[in-house]
Amino acid sequence: MTINEDQKIFFSAERLFPAAARRAKILEALQRNWASVVGFAVAQHSRPCNLGPEELTIFSDSQHSSFILSKSKGNIQRVLRKFQLGNEEDFKLKVTYSWPGRQARKIFYVPSPPKIIRVDEALVRKSMLGAPATLPVEINYALSHLKIFLDELNKSRSKV
C-alpha cells in the first residue's frame, strides 16, 4: 500500500497551541532585545529562558545581576504589557542560576580588548643579523618581528 502525498496529516503547533506559540515568539523577541530591557551590564550576565502564562524565568550567572533583576520586576512587566502579558497581579519573576536542561556555566563572557604591543624596529633589525644568508629578507624580517612580538607578549603576561 502506498501513501499519497495529499493524504498525509500535518499538525501546526500554532493552530493547536496558539497561546504557547505566541509566548514562544514573545520570548524570542525578549531575548533579542534583552539589553534594551535591563541594560547592557545586566544583559551580559542574564538571559530570559522560559515564559509561562504567569511566570518569566531568567537565567543569571552572578548574584549582582540576580539582585538587580529581582528589583526590575516592574520594568520587565511594563515591557511584557506591550505584548498583552504580565498584567496579572500574581505574575512571577523567577531568577535561576541554572539553565534549564543544561549545566550552569558562564555563557555571557565578553573578553577584554587585546593589549596593544609595540614592536621596536631596532630590535627587529638587530635580530635579523644572525639569520643565514640564504634566507629571503622578507621571511627574515617576518620571523624576527614575530620573535620580538612574542617576547614582548610574554613580558606583558608575566607582569600580570
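Buried, in this talk, means under 20% relative accessible area; exposed is over 50%, and partly exposed is in between, with a 1.4 Å probe and protein chains only. This is a predicted model, where local features need pLDDT of at least 70, side-chain atom pairs count only at pLDDT 80 or more, and totals for chains, interfaces and linings use all residues. Residues are numbered from 1 along each chain as its sequence is written, and side-chain values use heavy atoms, with hydrogens and water left out.

Let's start with helix H2, residues 18-32. Helices (H or I, at least four residues) and strands (E, at least two) are DSSP runs, numbered from the N terminus. Which residues of H2 are buried? They are Ala21, Arg23, Ile26, Leu27, Ala29 and Leu30. The length of H2 agrees with expectation, because 15 residues at 1.5 Å a residue should span 21 Å, and the end C-alpha atoms are 21 Å apart. The expected span is 1.5 Å times one less than the number of residues.

Now the sheet. Three strands form an open sheet, in the order E1-E2-E3, with mixed pairing. E1 and E3 (92-96) each have a single partner strand, so one side of each has no neighbour in the sheet. From one strand to the next, the twist averages 25°. Two strands pair if DSSP finds at least two bridges between them. E1 (46-51) and E2 (55-60) are antiparallel, over five bridges. They make a hairpin with three residues between them. Pro48 has Ile58 as its bridge partner. Leu51 stands opposite Leu56.

How does H2 sit on this? H2 lies across E1 and E2, at about 175° to E1. Axes are lines fitted to C-alpha atoms, for helices over the stretch in contact, and angles run from 0 to 180 degrees between N-to-C directions.

Next, Ile58, in strand E2. Is Ile58 buried or exposed? Ile58 counts as buried because its relative accessibility is 0%. Contact means heavy atoms within 4.5 Å. Beyond four places in sequence, the contacts of Ile58 include Trp34, Leu69, Ile76 and Thr96. Thr96 is 38 residues away in sequence, yet 6.1 Å away in space, C-alpha to C-alpha.

Last, the core. A nonpolar core is a set of buried Ala, Val, Leu, Ile, Met, Phe, Trp, Tyr and Cys residues joined through side-chain atoms within 4.5 Å. The largest one has 17 residues, and Trp34, Val38, Leu56 and Ile76 touch the most other members. H2, H3 (34-38), H4 (40-43), E2 and H6 (73-81) each supply at least two residues. Leu56 also touches Leu27 and Leu30, among others.
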